[in-house]
Amino acid sequence: GLGDVYKRQVIMFGVALSIKIDDFKLLIKKPKILFVGIFSQFFLLPILTFVAILIIKPHPSFALGMMMIAACPGGNVSNFFSKMAKGNAALSVSLTAFATVICLVMTPFNLQFYGGLYEPTNAILKTVELDPFELFKLVLLILGIPLILGMLVNHFYEKTAKKIERVLKPFSMIVFLALIIIAFYDNICLLYTSDAADDLLC
């Protein structure tokens, strides 16, 4: 919902507060890093996920969910974790930005390709639809706008950015944990049999 979008924007804004334009020069100097990141995300991960599905043979809906997660680009949560781990947040954001552009082609391709290879997901796959414009709009809202605003604040008001960052860091962790709990609660029915789900008023 709209509330979840705002929460993710807050997390991304907090990440961007410590990023400078100079940080992105690493990708120009070392394009191999970018290649490894994109290759791992759109080629290696889908293949490994497909192999895992063949081995564990999950329910078709779960199998399709696994394929969909493997086919989608890394979100802003990965940027948040990179920041929390004191990693290269600028590199993480750069990979997310590049992956977001590439995913307009690779996400539907990987989902269609691997979903078509696995017979149980074939029928379900026909009902899945991806709107490139809606995807771009969502990514712009969650990643693009807070990223630009955060970097601008850091560039023009560095001291203020550091103060805001100190406040947002623990707040972002709370928001992130809340998103996990809400997502789990909203989908708890999928983890139970139909009888148990009825008892839980799903």
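Which backbone oxygen lies 2.8 Å from a polar atom of the side chain of Thr121? The backbone oxygen of Tyr118 does. The views below come from a predicted model, in which local features need pLDDT of at least 70, side-chain atom pairs count only at pLDDT 80 or more, and totals for chains, interfaces and linings use all residues. Residues are numbered from 1 along each chain as its sequence is written, and side-chain values use heavy atoms, with hydrogens and water left out.

**View 1. Helix 3 and helix 4.** The axes of helix 3 (residues 31-56) and helix 4 (residues 60-71) come within 8 Å and cross at roughly 165°. Helix 3 is therefore roughly antiparallel to helix 4 (an angle over 145 degrees, on a scale from 0 to 180 degrees between N-to-C directions).

**View 2. Residues between the two helices.** Helix 3 contributes Gln41, Phe42, Leu45, Pro46, Thr49, Phe50, Ile53 and Ile56 to the contact, and helix 4 contributes Ala63, Met66, Met67, Ala70 and Ala71 (contact means heavy atoms within 4.5 Å). By class, the contact of helix 3 with helix 4 has eleven nonpolar, two polar and no charged residues.

View 3. Thr121 is placed in helix 7 (residues 119-125). Thr121 is buried, its relative accessible area being 0% (buried means under 20%, with a 1.4 Å probe and protein chains only). Apart from neighbours within four places in sequence, Thr121 is in contact with Pro60, Ala63, Leu64, Met67 and Gly115.

**View 4. The side chain of Thr121.** A polar atom of this side chain lies 2.7 Å from the backbone oxygen of Gly115.

Terms used. Helix = DSSP H or I, 4+ residues; strand = E, 2+ residues; numbered from the N terminus. Parallel < 35°, antiparallel > 145°, perpendicular 65-115°, else oblique. Nonpolar A, V, L, I, M, F, W, Y, C, P; charged D, E, K, R; others polar. Buried < 20%, exposed > 50% of the residue type's maximum accessible area, 1.4 Å probe, protein only. Polar contact = N/O pair within 3.5 Å; in protein donor to acceptor, adjacent residues only side chain to side chain.
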